[in-house]
Amino acid sequence: MSRTTAKSSRRSFLASSLALTTTAWMPAGARASGSSTRLILLGTGGGPRPRKASSAAAQVIIVNDTAYVVDCGDGVARQLVMANVPLANIKSIFITHHHSDHNADYGNLILLAWTAGLNHRVDSWGPPPLQRMTRLFFEMNSYDIKVRMADEGRPSLVRLVHAHEVRSGGLVMQDQNVRVTAALVHHPPVSPAFGYRFDTAERSIVISGDTTPTKSLVDLARGADVLVHDALLEPAIDRMVARVPNAQSLKQSILSHHTSAEDAGRVAREAGVKMLVLSHLIPPDDPRVTAQMWADAVPVRVRVR
Ligand SMILES: [Zn+2]
């Protein structure tokens with residue numbers, strides 16, 4: 001999609017469906033040139049429970065063949081492989097908050113990318129205690145890491161990885177491809193929790209993380225090309241929690257720190273974003289919930305793909 005044609009078609013909204021587990025939107029021409037900005041949804045399901053139907057919500061933004069991963073739930077390394085993103089191309093990892101559907105495979109992604117050939121510096125950003133988690137993960141896996149260094153001639157993994165803790169909104173990092181800014185979002189009781197905005201030469205992409213509708217995210221997403229926002233479908237929550245026998249206050253918890261599809265539409269409209277992508281869908285795997293139901297829940301014109 002050239003910049004010109006993108007402008008005319010961007011005033012549209014996209015509701016993600018459960019089937020969109022590996023890819024959602026990509027500018028035409030990006031594949032051919034290898035130099036454009038691409039967004040791939042690695043998973044669109046909300047919650048840490050492993051499922052057949054959808055993977056944990058995660059994204060990768062690719063700019064000039066460099067991969068920026070946002071969130072690392074269960075199976076994120078495999079999802080990247082399924083999306084044809086070489087693990088050795090990972091440069092940066094961003095964690096929105098420390099819930100297991102967003103960080104369970106944070107360390108595993110780095111460890112497995114290293115076995116897949118990663119041999120350059122990797123930086124990670126996320127709320128505290130990201131540095132301690134990184135250190136303890138390497139300690140937990142020190143046997144395997146040491147064996148592979150000695151036996152296979154691998155570089156020191158510990159020296160490749162630099163974890164940075166994000167404590168407030170604002171500029172997170174900037175390199176030759178992208179400028180990343182963060183905003184504190186509202187996800188009680190998990191604090192801090194962040195949404196991230198990626199501005200490249202061609203695109204602006206915002207990932208909400210998990211949040212209730214919040215002004216800080218509206219401000220972060222102002223005028224963005226794409227907003228990936230978490231979404232729930234309240235009428236279907238009761239059926240979902242009935243299937244989970246060990247979490248008495250799960251419904252209350254879900255409703256207290258997520259956004260309905262309807263409100264995600266309002267946030268997108270208020271921020272003036274050009275495309276809304278619903279992700280972190282709750283429920284994530286109810287066969288009675290269709291893509292059209294998600295689309296119908298958003299109170300703006302929606303294009304379903
Ligand atoms: Zn969460």
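This is a predicted model: local features need pLDDT of at least 70, side-chain atom pairs count only at pLDDT 80 or more; totals for chains, interfaces and linings use all residues.

Q: Where is Asn64 in the chain?
A: Asn64 lies in the loop between β3 (58–63) and β4 (66–70). Its phi is positive, near 50°, and the residue is not a glycine.

Q: What about Asn84: where does it lie?
A: Asn84 is in the loop between α3 (76–82) and β5. Asn84 has a positive phi too, about 60°, although it is not a glycine.

Q: And is Asn84 buried or exposed?
A: Asn84 is at 67% relative accessibility, so it counts as exposed. The cut-off for exposed is over 50%.

Q: Step back a bit. How many helices and strands does the protein chain have?
A: The chain has 13 helices and 14 strands. It has 305 residues, and 55% of them count as buried.

Q: What share of the contacts comes from residues 24 or more positions apart?
A: They account for 67%, counting contacts with a separation of 6 or more.

Q: On to the metal. Which residues are the protein donors of the zinc ion?
A: His97 through NE2, His99 through ND1, His187 through NE2 and Asp210 through OD. They lie 2.2 to 2.3 Å from the zinc ion.

Q: What spacing do those donors follow along the chain?
A: The spacing is H-x1-H-x87-H-x22-D. The pair His97 and Asp210 links distant parts of the chain, 113 residues apart. His97 sits in the loop between β5 (90–94) and α4 (100–103). Asp210 sits in the loop between β11 (204–207) and α9 (215–220).

Q: Are His97 and Asp210 buried or exposed?
A: Both His97 and Asp210 are buried.

Q: Why is the arrangement around the zinc ion irregular?
A: The 4 donor atoms subtend angles of 89 to 158°, so the arrangement is irregular. To count as tetrahedral, four donors need all angles between 85 and 135 degrees.

Q: New topic. Which residues have the most contacts inside the largest nonpolar core?
A: Val60, Val69, Leu80, Ile90, Ile93, Leu109 and Leu157, in a core of 33 residues. Helix α5 (residues 106–115) gives the most to this core, with 6 residues.

Q: What is Leu157 in contact with?
A: Leaving aside neighbours within four places in sequence, Leu157 contacts Ile110, Leu111, Trp114, Phe138, Ile145 and Met149. Apart from this core lies another one, of 25 residues, including Ala193 and Trp294.

Q: What about Thr259: buried or exposed?
A: Thr259 is buried, because its relative accessibility is 1%. It lies in the loop between α11 (250–257) and α12 (261–271).

Q: What does the side chain of Thr259 reach?
A: It reaches the backbone oxygen of Thr211, at 2.5 Å. Beyond four places in sequence, the residues Thr259 touches include Thr212, Pro213, His229 and Ala264.

Q: Last one. Where is the peptide bond cis?
A: A cis bond joins Pro188 and Pro189, with omega about 5°. Pro189 is in the loop between β9 (179–185) and β10 (193–199). The bond from Ile282 to Pro283 is cis as well, with omega near 0°. Pro283 is in the loop between β13 (275–282) and α13 (291–297).

Definitions and conventions. Residues are numbered from 1 along each chain as its sequence is written. Side-chain values use heavy atoms; hydrogens and water are left out. Donors are N, O and S atoms within 2.8 Å of the metal (3.2 Å for Na, K and Ca); water is not among the atoms, so sites may look incomplete. Four donors count as tetrahedral if all angles lie between 85 and 135 degrees; four count as square planar and six as octahedral if opposite donors are over 155 degrees apart and all others between 65 and 115; anything else is irregular. Helices (H or I, at least four residues) and strands (E, at least two) are DSSP runs, numbered from the N terminus. Buried means under 20% relative accessible area, exposed over 50%, partly exposed in between (1.4 Å probe, protein chains only). Contact means heavy atoms within 4.5 Å. A polar contact is a pair of N or O atoms within 3.5 Å; within protein, one must be able to donate a hydrogen and the other to accept it, and residues adjacent in sequence count only if both atoms are side-chain atoms. A nonpolar core is a set of buried Ala, Val, Leu, Ile, Met, Phe, Trp, Tyr and Cys residues joined through side-chain atoms within 4.5 Å.
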